[in-house]
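Let us walk through this structure together, one piece at a time. Keep the viewer open as you read.

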Amino acid sequence: MPELVVLWTDALIFLLIALVLLFGHLAASREHLRAPWRSVARSRMGMGALVILSAYVLIGVMDSVHYKPLLPEAERTAEVTHSNEVLSLLDYLLTPLRERQEKTYSAPLATHLYSKESIEQADGQTVRDYPRLKYGGAHLQDPQQEWASDVVWTAIIGVQEALLAWLLVVGIITAWLARRAGCTFFQQCRQILCSRTDIPWRVIFIVLGALLLVAFVAGNLGIKYHLLGTDKVGEDVLYQTLKSVRTGLVIGTLTTLIMLPAAILMGIMAGYFRGWVDDVIQYIYTTLSSIPGVLLIAAAILMLHVYMNNHADEFNSLVERADLRLLFLCIILGITSWTGLCRLLRGETLKLRELDYVQAAQAFGVGHFTIIMRHILPNVLHIVMISVVLDFSGLVLAEAVLSYVSIGVDPTMNSWGNMINSARLEMAREPIVWWSLAAALIFMFTLVLAANLFSDAVRDAFDPRLRGGR
Amino acid sequence: MSDTLLRIKNLKTWLGRGAAPVRAIDGIDLEIKKGETFALLGESGCGKSMTALSIMRLLPPIGRIVDGSIHLGETSLLDLPENRMRNERGGRMGMIFQEPMTSLNPVLTVGAQIAEAVRIHDASQQQDVETRVVELLKAVGIPDPEQRFGEYPHQLSGGMKQRVVIAMALAGRPQLLIADEPTTALDVTIQAQVLALMKQLQQESGMAILLITHDLGVVAEVADRVAVMYAGQIVETAPCKAFFQTPRHPYSQKLFHSIPGRDKRSERLAVIEGTVPPLDQEFSGCRFADRCDAVMLICRHQPPQWDQYAEGQGVRCHLQEGAEAAVEQPVSLGEGSVAVAENSPPTPLLGVNDLKVHFPIHKGIFRRVVGHVRAVDGVSLEIPVGQTLAVVGESGCGKTTVGKAILQLIKPTAGQVRFDGDELTRLRGEALRRRRADLQIIFQDPMASMNPRMLVRNIIEEGMLAQGVGGHAAERQIRVAQLLGQVGLPASAADRYPHEFSGGQRQRICVARALAVEPRLIICDEPTSALDVSVQAQILNLLQALQQQLGLSYLFITHDIAVVAYLAHEVAVMYLGRVVERGTVAEVLDDPQHPYTQALLSAVPVAEPGGKRKRIHLEGDMPSPSNPPAGCHFHPRCPQAMERCQKSYPKAISLSETRAVSCLLLEQ
């Protein structure tokens, strides 16, 4: 049995998932919470974006289940049965990508390296040429002749598989919908096709189709070639970008998880109690927000760096070390970013506490804590919701910027920021290596765009001023 | 027909598309003659404002005019292209909105905003816009117009702002002025000023006014002709005098019966049961049938036709003759219980002595206290068991603050509040919390006083839980149902959210919530001013019935004299944080002694046209409570002010056991 390893961020991610599920359960029984989410579910843009986001989340969650694999029989001893290396479920699934390491740069879908080397030929002569890749396109006898048709055929097979998978998924969902609505399968199909359903299933299916298409074509090509090329040490760029998904998601979600309690507590307290409590909290957040965030982050990360170097033996593996740094980055980003939400909540609470129902509760002699939990918190929750979703994309981008100036995540950790950072040198190379940068940008762009579109839908649904319009 | 200015024919305005559009206006016809004041009367949600917006073609994006025609003079407004329509708006037609606060742009000076209107609509004055603006400001009775020209809206009081809005509407020399509830947001004394101004402007310029209002008093005051709107249709049109003498439609009659007043004290007010039907349906019968007492079989399945029985008079009802006889007479309540309450020697339940609430004004970085807003400045009151004390005054006089200070929701700065032997201002923590069950409050806006995220059941239970009364869950459930029954709601209401109820029903829930902890005194903070007349009658009936059943005492905070006359036993009139006159209802309302009380009473519009009463017009507005005038606070506005009034605040002079007035006039 492989040994399960739970890293700090893994634990927090699962805690977050548990919280979301709990909230979902809670929301399902309360009309005022369910209604806005129902209108999110009706928004075409929102649901399309949600499908993309779910794909990212799936990758991220798979990458958050870590374990130490068993050593091969031969290497096992009595004490040491597990490898020192920490892998994730995603690593296991992507083993073909992970293990096929080339020598150095190779272009996307290439069969040869990107730089010339001296090759010793069978007849003993040495020529300087682009050598064949060890794995990419290794099955081809004559790359020049066969490459184009092989790529096209592999892609076509991918398309066919994608189509099959899509039909399967769509069929199952439609059948389920038809059973629920109590109509025949074909009636349901027509409903979806004319987009007469409440939830925009047509859009969901189209986006899902596109997603499956990309996934299957990439999967098929990725096994035979390096779809997005390789980096300087010959590692597959597709694998790197997929691994970076988790980093981005962790930064985007854990940071808010960390800052939320502080922001909610302080914001509501300042607004509700006013007086000296308000003064103290206001001074804290005005002070904090007047220190440049980057400076604070740099100082904290450097301090952590020193600590880690001095206590190197406390960390069992590189992965654990990188993980702690990631967590620390989340915390420090959280500390610098709670002030905005806190200020919003303070203002809203100031307004709410003067409302008649809060006064009525005070006239009943209801305690402060109960008033906050029963009357204030539920009525500011929509602001929390909106700002969490809106902050997400900003944080993903912030990670990239911070890693670029190397105060972000650990250099050994896969992240879009690190990829962009290393692309600095690659762009200066002649001929330039563009695929690392392009891959990171495409993946990040898709995630942030989907998150922004989704947050738009959420904001519209929760905004009380827009609610009347529908 | 040359004297007809505005002619609307079969206008239909629908809101929303979809399967069931809301038929906000469902075929109305009306004509307004040159120089007349035409009042459009009705409850909220009847389509009055939509009519005004349709005429101006300023409907919200979801609204559209589906049928009909609107002619202003010879021009068909609905056929005009948008750019020509822009010239008509503010040109031949001016409009005034309800809330002067939001009708003016806070970052532009008053002069600039009027000048904008002049530039667009008055071609003859392009050279000398400024002179014209000053002229307009003078016309609407703003003192010192040259100086006001450069001031910002926040420097003006509410009444002044409404005058500026009127000046803007007058800039294009309109032939028709549409006034959408122009005085609803204003105090009675200011309302009287604005109404008088509108009347005077009309006489000077000969324009017609379309006045939209829900207030029968205002109609009686200024209108020449009246149209009553109900559920998107006009149900009755008549000249003002004829309308007030013999209202023909059952709805109009009911409206009159539901107005509270002195003469109805021992009766239940007539109420119009139910609410305006939802307008997203096709009506197969009379729209009023469900709420009408005189409903006949024919009303249910045949829509009544418009019956024009005289020139300019018509009614939409199946019964035209003998209508009055069919209307239910107001039910008389047991005379005895009221009499008992009035005759028994009053034992004071609540005694307030020299109550002061001052809010400090902070300035500078060190938040130094530079002054105080004297919201309440030495108020003494007494409420006997089972009686109602009404606190009357204009907005800003501190009446709400008195209520909250009694409840200890705002800590009083000084003074005593004795309740049943306890000194509330000294109670702390647990003792105060236990006392809270005895004093409860009902607020003005029933929507804002309930947490929209809680079920009605939880809202009513909140007080019981906090006070630890009502036993365990099952017992509380029974009690909630019982309370809902007490306020006339079905027990099934408990499992719904507040937004599913109408305004009147929401206020009933608030009453039920207050009753849940079995209070002895309820502070009613303008509980009916956000409601329509017919709904107001329901709530007043409920409050009166509860007082008789449970022996409750009320502190009734209001600005509505009619409600006071109907409900209260004693009255205290407040001005700028102090009580200026106090006495029983009969004493104060019949024979007001303080000049402010006299002016306040005379400013209230009464629903009797042509009633010639002595009018006392107050000039100016209430001064700021942070800087009250020296001496008697009222002397700058007082028509009978003497030199001595500026020297010192007059002491309360006791005229009888129940009566006290603070005025120097009475010292002689």
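**A walk through two chains**

In chain B, residues 24 or more positions apart account for 67% of the contacts with a separation of 6 or more; two residues are in contact if their C-beta atoms, placed from the backbone, lie within 7 Å. Before going on, please note that this is a predicted model, in which local features need pLDDT of at least 70 and side-chain atom pairs count only at pLDDT 80 or more, while totals for chains, interfaces and linings use all residues. Residues are numbered from 1 along each chain as its sequence is written, and chains are lettered from A and ligands numbered from 1 in the order in which they are written.

Let us stay with chain B. Its secondary structure consists of 23 helices and 24 strands; helices (H or I, at least four residues) and strands (E, at least two) are DSSP runs, numbered from the N terminus. The C-alpha trace of chain B spans about 75 × 65 × 50 Å along its principal axes. A compact globule of 668 residues would have a radius of gyration near 26 Å, and chain B agrees, with 26 Å. That radius is taken over C-alpha atoms, and the globule rule is 2.2 Å times the number of residues to the power 0.38. Of the 668 residues in chain B, 47% are buried. Here a residue is buried if 20 or more other C-beta atoms lie within 10 Å of its own, exposed if 12 or fewer, and partly exposed in between, with C-beta atoms placed from the backbone.

Why is B:S54 called buried? Because 25 other C-beta atoms lie within 10 Å of B:S54. Leaving aside neighbours within four places in sequence, B:S54 is in contact with B:L11, B:T13, B:I25, B:L59 and B:I65. B:G150 is 96 residues from B:S54 along the chain, and the C-alpha atoms of the two are separated by 34 Å.

Next come the domains. Chain B is assigned domain 1 (4-92 + 174-325), domain 2 (103-173) and domain 3 (337-449 + 518-666), with bounds that come from an automatic or database domain assignment. The C-alpha centres of domain 1 and domain 2 of chain B lie 30 Å apart. Where these two domains of chain B meet, 12 residues of domain 1 are in contact with 15 residues of domain 2. Helix α8 (residues 188-205) of chain B gives the most to the domain 1 side, with five residues. By class, that side has nine nonpolar, three polar and no charged residues. Ala, Val, Leu, Ile, Met, Phe, Trp, Tyr, Cys and Pro count as nonpolar, Asp, Glu, Lys and Arg as charged, and the others, Gly among them, as polar.

At 1.5 Å a residue, its 18 residues should span 26 Å, and its end C-alpha atoms agree, being 26 Å apart; the expected span is 1.5 Å times one less than the number of residues in the helix. The buried residues of α8(B) include B:V188, B:I190, B:L195 and B:L201. Among the elements that cover the buried residues of α8(B) are α5 (129-139), α7 (158-170) and α23 (595-603) of chain B. After α8(B) comes B:G206, whose phi is positive, near 70°.

Now turn to chain A, which has 17 helices and five strands. Its C-alpha atoms fill a box of roughly 100 × 70 × 50 Å along the principal axes. Buried residues make up 36% of the 470 residues in chain A.

In α13(A), eight of its eight residues are buried. The cover over them includes α12 (318-353) and α14 of chain A, together with β18 (439-442) and α17 (456-467) of chain B. A:G365 follows α13(A), and its phi is positive, near 80°.
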